[in-house]
Amino acid sequence: MKYTMQTRIGELINNERTKQILERHLPGATSHPQLHMALGMTLMEVSTYPEAGLTQAKLQALLADLNREESD
């Protein structure tokens, strides 16, 4: 599976491997008290909220890791 900016947070959280990658790039994201509000949102949608800390650079690095790990 190829991960994109349209991948939903819930999809990443429901997979232990991708959850760990998300946590590596955004420490504390997987245990954030408001995580439930983002589960249906895409990575792109989350990146529009400055408080998420998901800059375009971080988003690209996250996607690269998700897709690199997937193909290994």
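Trainee: In this predicted model, what does the side-chain oxygen of Asn15 reach at the start of α2?

Mentor: The side-chain oxygen of Asn15 comes to within 2.9 Å of the backbone nitrogen of Arg17, at the start of α2.

Trainee: Which residues of α2 are buried, and what makes them line one face of the helix?

Mentor: The buried residues of α2 are Thr18, Ile21, Leu22 and His25. Viewed along the axis of α2, these buried residues fall within an arc of 100°, so they line one face of the helix.

Trainee: Why is Thr18 called buried?

Mentor: Thr18, which lies in helix α2, has a relative accessible area of 0%, and since buried means under 20%, Thr18 is therefore buried. Once its neighbours within four places in sequence are left aside, Thr18 is in contact with Tyr3, Glu11, Leu12 and Leu66.

Trainee: How do you know whether Leu26 is buried or exposed?

Mentor: Leu26 is found in the loop between α2 (16-25) and α3, and its relative accessible area is 12%; buried means under 20% and exposed over 50%, so Leu26 counts as buried. Apart from neighbours within four places in sequence, Leu26 is in contact with Ala52, Gly53, Leu54 and Lys58. Leu26 and Leu62, 36 residues apart in sequence, are 9.0 Å apart in space from C-alpha to C-alpha.

Trainee: What makes Thr42 count as buried, and where is Thr42 placed?

Mentor: The place of Thr42 is in the loop between α3 (35-38) and α4 (43-47). Its relative accessibility is 5%, and because the limit for buried is under 20%, Thr42 counts as buried. Leaving aside neighbours within four places in sequence, Thr42 is in contact with Met5, Gln6, Thr7 and Arg8.

Trainee: What is the volume of the largest pocket, and which residues are closest to its centre?

Mentor: The largest pocket has a volume of about 490 Å³. It is lined by 16 residues, of which His32, Gln34, Ala38, Val46 and Ala52 are the closest to its centre. The element that gives the most to this lining is α3, with three residues.

Trainee: How do the residues of the lining of the largest pocket divide into nonpolar, polar and charged?

Mentor: The lining of the largest pocket divides into 13 nonpolar residues, two polar and one charged. Ala and Val count as nonpolar, so Ala38, Val46 and Ala52, among the residues closest to the pocket centre, belong to the nonpolar group.

Note on methods
Residues numbered from 1 in each chain as written. Predicted model: local features only at pLDDT ≥ 70, side-chain atom pairs only at ≥ 80, totals over all residues. Heavy atoms only, no water. Helix = DSSP H or I, 4+ residues; strand = E, 2+ residues; numbered from the N terminus. Buried < 20%, exposed > 50% of the residue type's maximum accessible area, 1.4 Å probe, protein only. Contact = heavy atoms within 4.5 Å. 1 Å grid on protein atoms, 1.4 Å probe; cavity = no way out; pocket = protein on both sides within 12 Å on 5 of 7 lines; lining within 4 Å. Points joined across faces, edges and corners; volume = space filled by probe spheres on them. Arc of directions from axis to C-beta. Polar contact = N/O pair within 3.5 Å; in protein donor to acceptor, adjacent residues only side chain to side chain.
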